[in-house]
Structure formats: structure tokens, C-alpha cells
Amino acid sequence: MVELAGIELTHPDRVLYPQQGLTKLDLARYFETMAEPLLEHAAGRLVSLVRCPRGRETKCFFQRHGGSGLPDEFRRKSVREKDGGRSDYLYFTKKEALIAAAQLGVLELHIWGSKIDDIERPDRLVFDLDPDEGMDFAKVKQGAALMRDVLAQFDIESFPLLTGGKGIHVVAPLVRRHEWPIVKAFSGELARNVAREDPDNYVATMSKARRKGRIFIDYLRNERGSTAIAPFSPRARKGAPLAWPVSWEQLDEVTAPDQFRLDNADPGAANNWDGYGDLRQSLKAGGLRALGIDV
């Protein structure tokens with residue numbers, strides 16, 4: 001057993017990523033090093049966890065609700081469910097919670113698009129560019145740039161996030177003005193418009209058959225209860241990849257969405273979304289009406 005940031009780590013030498021030989025202690029040290037930029041995006045948001053207690057190649061499970069046996073560093077918030085009932089959800093506020101997550105074998109952090117002080121009004125917009133298997137990553141980058149340009153037509157500045165999986169998330173910060181239904185309607189209309197204008201390359205439906213050879217523009221991250229991978233989160237995938245923010249200029253040089261990994265992460269290169277936290281932008285009434293959305 002070792003102690004890191006006041007948190008006891010049992011079995012610190014347990015290998016979580018067999019191919020790289022990366023251990024629970026390696027994961028905890030990554031969380032400790034990257035706590036500030038990671039919490040900048042994840043703190044105070046409801047979070048869902050992918051837990052792989054014995055490593056990514058063994059049984060993993062998804063956890064979003066509080067329960068017995070979780071560390072005190074994990075905070076809880078009672079949230080109204082669709083059926084009218086209430087459940088305790090999890091959120092983090094401090095570095096110690098990330099270390100405690102490593103102790104539990106948490107290999108992924110997925111966050112809500114709103115904060116706990118106003119969960120009904122999102123402050124971020126996410127488009128997940130999810131390509132069909134085997135698609136050239138250059139086409140995914142083109143799709144991300146297209147979504148950037150479409151959003152810019154509505155005076156919305158956005159930022160690319162390498163997911164550590166197959167695709168790219170295009171993320172835009174928002175002023176908390178509209179509730180989930182408006183934000184979902186806006187993102188859905190944009191995704192469908194892109195798919196209608198270029199149906200050979202894009203689709204806005206989850207149908208597997210229609211996604212053959214195309215990029216699915218997943219706008220459904222923008223509804224209440226949905227989550228998206230947190231910037232700087234590890235992934236429970238081969239190669240120990242990370243979800244890593246890059247600038248649009250840097251994206252031109254990126255060759256794969258899993259290019260950044262636990263064993264090559266550079267904390268000094270973590271501030272790639274210059275100006276993200278300072279932007280004050282929102283979905284404007286004129287733009288919503290132009291898409292047929294009543295406000």
C-alpha cells in the first residue's frame with residue numbers, strides 16, 4: 001500500500017493496462033499531475049464512471065449513482081429522474097477524488113453538460129463525430145472543421161477534443177441561458193442540416209445500417225442525463241489513450257484520435273483551448289428561430 005495526496009492506494013502495482021504495464025499507481029500519479037486542468041472541466045458536474053478494478057482487459061462496469069462503499073471524496077447530489085423519482089448522482093470537486101477514483105480502478109470519467117448548481121441549463125455544447133469503422137481519420141478531421149464552421153455561422157466558437165476512441169468531439173462553451181430541450185433542438189437541427197446537405201459523408205441518425213461509410217454526427221450528448229468523455233480523462237481502451245484537447249491548428253498535425261496516451265502525456269501541453277473559459281456566448285433567439293425553434 002502507498003499513499004498519494006492523503007489517499008491510500010491498495011495494490012498499487014496492479015496492472016491496469018497490460019500492454020503498457022501501466023499500474024494503478026501510474027494512473028493515480030497521472031490524475032494527481034493533471035488534476036488542475038481535468039477539474040477545470042469536470043469539477044462540479046455530475047460524473048459517470050467506467051470502473052475496471054482489475055484492468056481494462058477484465059470486466060468493466062459503468063457507474064453513475066452513489067452507493068455504499070464509495071469513498072467520502074466522491075460527492076453526491078439527489079437528482080430527479082425521468083420517472084419522477086430521485087437518485088443520488090456523483091460529482092467531484094477536488095484532486096483527492098481523482099486519486100480515490102484511481103484506487104477504485106476508474107479508467108474513464110464522463111461528465112454532464114451542466115453544473116450541479118443549475119443542472120437544467122447546460123453550459124457546454126458537444127457534437128461527437130463518430131466515424132464508421134476503418135474510416136480515414138483525415139475525413140473525421142474534415143467533419144470536425146465543418147461543424148466548427150457551421151457553429152461559427154451562429155456566432156458560436158468551438159474547440160476540438162480528441163476522444164481517445166475513433167472520433168473527435170467539437171465542444172463549445174455556453175452561457176447558461178436555455179434549458180436542455182432548446183439546446184438539444186438546436187444541436188439536432190444543425191446535425192440534420194449537415195447530413196441533408198452531404199448525405200454521402202454524414203448521417204444524424206443512430207441507425208447502424210445508415211452509418212456505413214459515413215460519420216455519425218451524434219448530437220444526443222446535448223440532452224438531460226447524457227454524458228460525454230471529460231477532457232484529459234483516460235480511456236479504458238487498448239494503448240491507454242487519453243481524451244485530449246487540441247487547438248484547431250494542432251488538429252491539422254494530429255494523425256489519430258488516440259495519439260495522446262497515459263505514458264506520453266505532457267502536462268505542460270495541456271492548455272490548448274486558449275480562451276475557452278473566458279468565452280461568453282449563447283444560442284441567440286434569431287439563430288434559433290432560423291432553425292424553426294420556438295423560444
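**Briefing**

I182 lies in helix α5, which covers residues 180–197; helices here are DSSP runs of H or I with at least four residues, strands are runs of E with at least two, and both are numbered from the N terminus. The model is predicted, so local features need a pLDDT of at least 70 and side-chain atom pairs count only at pLDDT 80 or more, whereas totals for chains, interfaces and linings use all residues. Residues are numbered from 1 along each chain as its sequence is written, and side-chain values use heavy atoms, with hydrogens and water left out.

**Around I182**

- With a relative accessibility of 18%, I182 counts as buried, a word that stands for under 20% relative accessible area, while exposed stands for over 50% and partly exposed for values in between (1.4 Å probe, protein chains only).
- Leaving aside residues up to four places away in sequence, I182 touches L288, I293, D294 and V295, where contact means heavy atoms within 4.5 Å.
- I182 and N222 are 40 residues apart along the chain, and their C-alpha atoms are separated by 9.6 Å.

**The protein as a whole**

- The protein contains seven helices and 16 strands, and 53% of its 295 residues count as buried.
- For 295 residues a compact globule would have a radius of gyration near 19 Å, and the protein agrees with this at 19 Å; the radius is taken over C-alpha atoms, and the globule rule is 2.2 Å times the number of residues to the power 0.38.
- Taken along the principal axes, the C-alpha atoms fill a box of roughly 60 × 45 × 35 Å.
- Among contacts between residues at least 6 apart in sequence, 69% join residues at least 24 apart.

**Helices α1 and α3**

- The axes of α1 (residues 24–33) and α3 (residues 95–103) come within 9 Å and cross at roughly 165°; these axes are lines fitted to C-alpha atoms over the stretch in contact, and angles run from 0 to 180 degrees between N-to-C directions.
- The two helices, α1 and α3, are therefore roughly antiparallel to each other, a label given to angles over 145 degrees, while those under 35 count as roughly parallel, 65 to 115 as roughly perpendicular and the rest as oblique.
- On the α1 side the contact is made by K24, L27, A28, F31 and E32, and on the α3 side by K95, L98, I99, A102 and Q103.
- The buried residues of α3 are A97, L98, I99, A100, A101 and A102, and they pack against β1 (2–4), β2 (7–9), α1, α2 and β9.
- After α3 comes G105, with a positive phi near 75°.

**Helix α2**

- Helix α2 (residues 35–42) is mostly covered, with six of its eight residues buried, namely A35, P37, L38, L39, H41 and A42.
- These buried residues of α2 pack against α1, α3 and β9 (106–111).
- G44 follows α2 and has a positive phi, near 75°.

**Two exposed positions**

- G69 is found in the loop between β6 (61–63) and β7 (75–80), and it is exposed, with a relative accessible area of 74%.
- The C-alpha atoms of G69 and R261 are separated by 30 Å, the two residues being 192 apart along the chain.
- R289 has its place in helix α7 (residues 285–290) and counts as exposed at 55% relative accessibility.
- R289 and Y30 are 259 residues apart along the chain, and 45 Å separates their C-alpha atoms.
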